Each structure stands twice: as structure tokens, then as C-alpha cells.
Amino acid sequence: MPPLSDSLSTAKLALVLITFVPVMIVWLLGLFSSRPEKPGVIRVGSPLKHDAEVFDHDTVHECVLHLSRTETAADLRGLALGLRNAPVEEAAPLLKHFMQSADPELALFSQSILQQGREQLQTTLNQLQNHHEQTDPRIAAGFLETSLRIVAPSLAAPDERESRIRQIAKRAGEALASCTHTPRLLAACVRVFLVAGDPQRARSILDAMPADAPLRRELEPRVHFALVIKQRAEAS
């Protein structure tokens, strides 16, 4: 019979080996694992969309929409009241949902908020359109940004939206020809041409922006994705 000390040594050695084996397996898996995908292969956006515009999920208003299915009429009035402080194009789907309510006060109040938000946007657009310094890049950028808000899918009918987008794209081209190219103006023009379905023009404008500009970094994935979608549509 082997001495007790030898048995303990063998048990310790076996325990060390058992502990070391998983570490070796993990190390080997890391050594021979597949190479990571290149950043250019990863695409951001919805592959089911065929237009150049990619809408992000609005997590705040989606939660409010879920609440609207369970809250009482009095609580829904409070939710509608809070939507006065949200951009009207983002609040419009919820306000339209509230307008279908059986509560006449909630329906009328939601309709009033939606109409007031539209009128405020139109008033701002008219002021920018009639401003005496049309070559000021701030005025031009503000006009394009406000125009894009007005033609948001939640506010404009499809037929009206298409015709107005063509007008906005024409206005963006005029602004590029007559105004100083500030990052804000270039970014607004990029968004306009993305919505207009012209990602190539958007790409050329984006390339003119400073490489370290935050607006360029923000718009880069959207432009890249729009180009990929358009190339696939043309190939098919």
C-alpha cells in the first residue's frame, strides 16, 4: 500500500491538472477562433426598408404608446398634455392615436396640440423663407431643417410629401451655390438628399465636411447604408 503522503501528492497533482484543463481549452479556443468581421461589413439600419431614410426607434414615445393602452382617460389627458413639449413630428403618431379616443375631451385636446404644433412649424418656416438674409448659412440651414420636420411621414400625406421633398432638394442645391459651407448647412443638405433618395449627392456633400466634425460622424452610417440599399435596388 503506497504511503499516505504519496496519495496526497497524487491527489493534489490531479486537482491541479483538472483545474488547468479548462484554462487550456479557453486559451486554445481564443488562439484558433475565427477572425472578427471587418467594420465595413457591419451595416446599421433596417434591411427591409428600400428608401434612403432610416428611422430610429423612439424609445420614449414607444413606452408612452404602450401606456396609452392601459391608462385611464384622466391619465391619458396628462400624457397628451406632456406631448406639447415634444417635437410635433415625433408626437404626431401618439396624438393621432389619442384623437381616436372615446373620450371627447382627450380627442379634442390631442387634435388641438397637433394643429398648434403644425402651425408653429409653418410660421417658423415662413419667417425663414421671407428672411432678408437668404445667403446666411444659418438661415438656409434653419429653413432646410424646418422643412424636413414639416414633411415628416407622421405629418405629411405621401403625395404631398413627395412634391415638397423635390422642392426642398432644389432649395438645398441653391443654398449650396449661394451660401458659405458651414458644417450645419452641409449636414442639413445631406439629410435633405437622403430623404430625396439621392445618396450619391449626399455622399459628395458629406466628403466636403471636416473629417473630425461630429455631424459627419453622425451622418456617415446613414449615408453608407443608403448607398448600399440603392446599389442593391439597382442591381435587382
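What follows is a set of questions and answers on helices, cysteines, salt bridges and a surface patch.

Modeller: This is a predicted model, in which local features need pLDDT of at least 70 and side-chain atom pairs count only at pLDDT 80 or more, while totals for chains, interfaces and linings use all residues. Residues are numbered from 1 along each chain as its sequence is written, and side-chain values use heavy atoms, with hydrogens and water left out.

Colleague: What distance separates the end C-alpha atoms of helix H6?
Modeller: Helices here are DSSP runs of H or I with at least four residues, numbered from the N terminus, as strands are runs of E with at least two. The expected span of a helix is 1.5 Å times one less than its number of residues. For the 14 residues of H6 (137-150) that rule gives 20 Å, and the separation in the model agrees, at 20 Å.

Colleague: Which helices do the buried residues of H6 pack against?
Modeller: Buried means under 20% relative accessible area, exposed over 50%, and partly exposed in between, with a 1.4 Å probe and protein chains only. Eleven of the 14 residues of H6 are buried, among them Phe143, Leu144 and Leu148. Taking contact as heavy atoms within 4.5 Å, the buried residues of H6 pack against H5 (104-129), H7 (158-178) and H8 (183-195).

Colleague: How far apart are the end C-alpha atoms of H4?
Modeller: Helix H4 (residues 88-99) has twelve residues, for which a straight helix would reach 16 Å. Its buried residues include Leu94, Leu95 and Phe98. The end C-alpha atoms of H4 fall short of the straight-helix value, being only 15 Å apart.

Colleague: How many disulfides does a search of the whole structure find?
Modeller: A disulfide is counted when two cysteine sulfur atoms lie within 2.5 Å. The sulfur of Cys189 is 8.5 Å from the closest cysteine sulfur, in Cys179, which is too far for a bond. Cys179 counts as buried because its relative accessibility is 8%, and Cys189 is buried at 0%. The search of the whole structure finds a total of zero.

Colleague: Which residue forms a salt bridge with Glu145?
Modeller: A salt bridge is a side-chain nitrogen of Lys or Arg within 4 Å of a carboxyl oxygen of Asp or Glu, and by this rule there are eleven. The closest N and O atoms of the Glu145 pair are 2.8 Å apart, the partner being Arg184. Glu145 lies in H6 and its partner in H8, so the pair ties together parts that are 39 residues apart in sequence.

Colleague: By how many helical turns are Arg164 and Glu160 separated?
Modeller: Arg164 and Glu160 form a salt bridge whose closest N and O atoms are 3.5 Å apart. Both residues count as partly exposed, Arg164 at 22% relative accessibility and Glu160 at 38%. Because they are four residues apart in helix H7, their separation is about one helical turn.

Colleague: What accessible area does the nonpolar patch have together?
Modeller: Patches join residues with over 30% relative accessible area and no salt bridge, like charges within 9 Å and nonpolar side chains (Val, Leu, Ile, Met, Phe, Trp, Tyr) within 5 Å. Met24, one of the members, is found in helix H1 (residues 4-31) and counts as partly exposed at 32%. By the Shrake-Rupley method with a 1.4 Å probe, counting only the protein chains shown as cover for residues, Phe20, Val23, Met24, Trp27 and Leu28 together have about 480 Å².
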